[in-house]
Amino acid sequence: MDFYEAVEKRKTVREFQLKPVEKEKLMRVIAAGLKAPTHNNLREWEFVLVKDLEQRKRVVEVGVAAKDYSEKEVEKATRNMSEWEKPAYLAALPVQKRMLMSSPELLIVCFRMRQPLKECKTLYELNNFASIWTCIENILLAMAAEGLYGVTYIPRDTASLRKVLEIPGDYEVAALIPIGYPKDYSVKQKPASLNKKIHYDKW
Ligand SMILES: Cc1cc2nc3c(=O)[nH]c(=O)nc-3n(C[C@H](O)[C@H](O)[C@H](O)COP(=O)(O)O)c2cc1C
């Protein structure tokens, strides 16, 4: 597939068909992640594919803080959201656990953090964190090129998650990515105006 076609096709999907993901496609997707640019040529990235159902239940239990929000809580959370942010939030909220439990594959993307995140004071110190997102974007684009979709879920409590997944102390979880063939494409992307985004010589 043409690169720009993959860029156009990539989008967040939270509902999946039962159809399994072919192993060779999944491996190509992860290999594409490993080709991404990285701070100091390090690529200190590791991946956990959760295959066992009981393990997946544990991962979702400790990794997903989702609960049943009252109408009041939702109203409060969405009060100041824009017309584009609010529908995306409302579409995502009720399906967080389901998307992670029901996808044919669940990929956990990990990266080495040489210094605890909360101790980082400069962008330079966050280079490892920045690098893992170049890897994740390659993965998302490669997925689109393969006809696969998913979403990046960012866990709130990575300490418990790391324990369940037996991730070593200097590694951190960047995102959980459920992967599969899409069932729906419900949320519209906010159109970006190139002319308004690009500034010449000064902002
Ligand atoms: C850093 C980051 C964190 C995200 N966290 C979540 C999340 O926790 N749960 C979720 O359902 N979607 C999450 N998303 C997906 C976004 O909601 C989605 O990318 C956005 O609504 C734009 O839609 P699009 O990907 O289809 O363009 C996240 C995306 C990014 C880049």
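**Notebook: the ligand site and a cavity**

I began with the ligand's oxygen atoms and found one of them 2.5 Å from an N or O atom in the side chain of Thr12. A reminder to myself: this is a predicted model, and each distance here is computed from it.

Next I looked up Arg14, where an N or O atom of the side chain is 2.7 Å from an oxygen atom of the ligand. I then turned to the ligand's nitrogen atoms, and one lies 3.1 Å from a backbone N or O atom of Thr152. How much of the ligand does the protein cover? I noted 64% of the 620 Å² of accessible area that the ligand has on its own.

I widened the view to the shell and counted 15 residues around the ligand. Those that come nearest are Arg10, Thr12, Arg14, Gln96 and Gln189. By type, I have the shell down as seven nonpolar, four polar and four charged residues. Which helices each supply at least two residues of this shell? I wrote down H5 (85-92) and H6 (96-102).

My last entry is on cavities. I found one cavity of 30 Å³ or more in the structure, and the volume of the largest cavity is about 50 Å³. I listed its lining as Thr38, His39, Leu42, Arg43, Glu44, Trp45, Phe111, Arg112, Asn128 and Ser131. Strand E2 (105-112) and helix H7 (127-145) each give at least two residues to that lining. I sorted the lining residues into three nonpolar, four polar and three charged.

Definitions and conventions: Residues numbered from 1 in each chain as written. Predicted model: local features only at pLDDT ≥ 70, side-chain atom pairs only at ≥ 80, totals over all residues. Heavy atoms only, no water. Near = heavy atom within 4 Å. Polar contact = N/O pair within 3.5 Å; in protein donor to acceptor, adjacent residues only side chain to side chain. Areas by Shrake-Rupley, 256 points an atom, 1.4 Å probe, with all protein chains shown as cover. Helix = DSSP H or I, 4+ residues; strand = E, 2+ residues; numbered from the N terminus. Nonpolar A, V, L, I, M, F, W, Y, C, P; charged D, E, K, R; others polar. 1 Å grid on protein atoms, 1.4 Å probe; cavity = no way out; pocket = protein on both sides within 12 Å on 5 of 7 lines; lining within 4 Å. Points joined across faces, edges and corners; volume = space filled by probe spheres on them.
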